[in-house]
Amino acid sequence: MKTRIGILGLGGVGGYFGGLLAKAHTQSEAIEIVFIARGETQKAIVQNGLKIICSASSLSLGSDESEMIVFPNLVSNDPEEIGKLDYLICATKTYDIESSFLSIKNCITPKTIILPLYNGVDATERIEKLFPENTVLQGCVYIISMIVSPGVIRKIGPYEKLFFGSKTAPISKLNKLQSIFEKAAIESYIVDTIEETVWEKFIFISALASATSYLNQNIGAILNNAANKAIYISLLNEITSVAFAKGLALPNDIVVQTIVKLEKSPQDATSSMHRDLLAGRNTEVVSLTKYVVDQAVKFGVATPTYQMILEKLTRD
């Protein structure tokens, strides 16, 4: 009987890693890859496949690009057609967690293993409230990728890593998923201290999303302007203080490590929240900015820069 893997959310993260899984396993006799999509995205992938464009280091078009087109075993948003899933990898926007899961609740059995790959840190807890009987892992990715148009994903730069783990799941289940990832050439790691790893990513993405959205600047404009960089570093110091107040065992030099990560990122790139803001779409400000402010209040930590940015982003 085939192992059935659903990909919920075909944006930059779900589309890219789902695409690698489809490329590796669609012809497999043991694994079936299901893209859960609707509307124009569903139509585009059914007709033309999912296109993934990889650029070496820049947003600009050039000869250093490569692309692939993949077809999963099934593209659908109909729970009856999708059927029961053994694994569900979810990467929608954080504001869609509850609605997207409830729309396919009949595809999730108590044995379905769920791997959230969101920008925020509260996804596992929110999913466990919906499906308390399920094994819900923790996970995060480092990648710069985005939707170009329905069914087309652009990934920028060489960096792509996926981390996942669980304090309660049997290691056999984690190893099986790791094997599936490895066969798809996904650089993935099972992490014992997954909560800290997820928070290290959250520190990176929360500060970046908040700074780029508030300043309306890309990564290069933040790093190369003293005033902008000072705001960014203030955000890093504040969110790190919240993490330490929660009792997380993060490296003492986490702020320096995070700045180094950003310096290695493409300078003309920005955060997904900033892109959504510029496009007039709903943003993840609740999960990426407000969550930090709320946790700071809970643990008695001062976060004046986060508070200032939250007030502007929610007011605008």
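Tyrosine 142 is buried, with a relative accessible area of 8%; buried means under 20% relative accessible area, exposed over 50%, and partly exposed in between (1.4 Å probe, protein chains only). The model is predicted: local features need pLDDT of at least 70 and side-chain atom pairs pLDDT 80 or more, while totals for chains, interfaces and linings use all residues. Residues are numbered from 1 along each chain as its sequence is written, and side-chain values use heavy atoms, without hydrogens or water.

Rings of Phe, Tyr and Trp (its six-membered ring) pair if their centres lie within 6.5 Å; planes under 30 degrees apart count as stacked, over 60 as edge-to-face and the rest as tilted. The ring centres of tyrosine 142 and tyrosine 159 are 6.1 Å apart and the planes stand at 75 degrees, so this pair is edge-to-face. Tyrosine 159 is partly exposed, at 44% relative accessible area. Tyr142, Tyr159, Phe163, Tyr189 and Phe204 form one aromatic cluster.

**Helices α7 and α10**

Phe204 also belongs to a helix contact: Glu200, Ile203, Phe204 and Leu208 in α7 meet Ile254, Thr258, Lys261 and Leu262 in α10, where contact means heavy atoms within 4.5 Å. By class, this contact has five nonpolar, one polar and two charged residues; Ala, Val, Leu, Ile, Met, Phe, Trp, Tyr, Cys and Pro count as nonpolar, Asp, Glu, Lys and Arg as charged, and the others, Gly among them, as polar. Helices (H or I, at least four residues) and strands (E, at least two) are DSSP runs, numbered from the N terminus.
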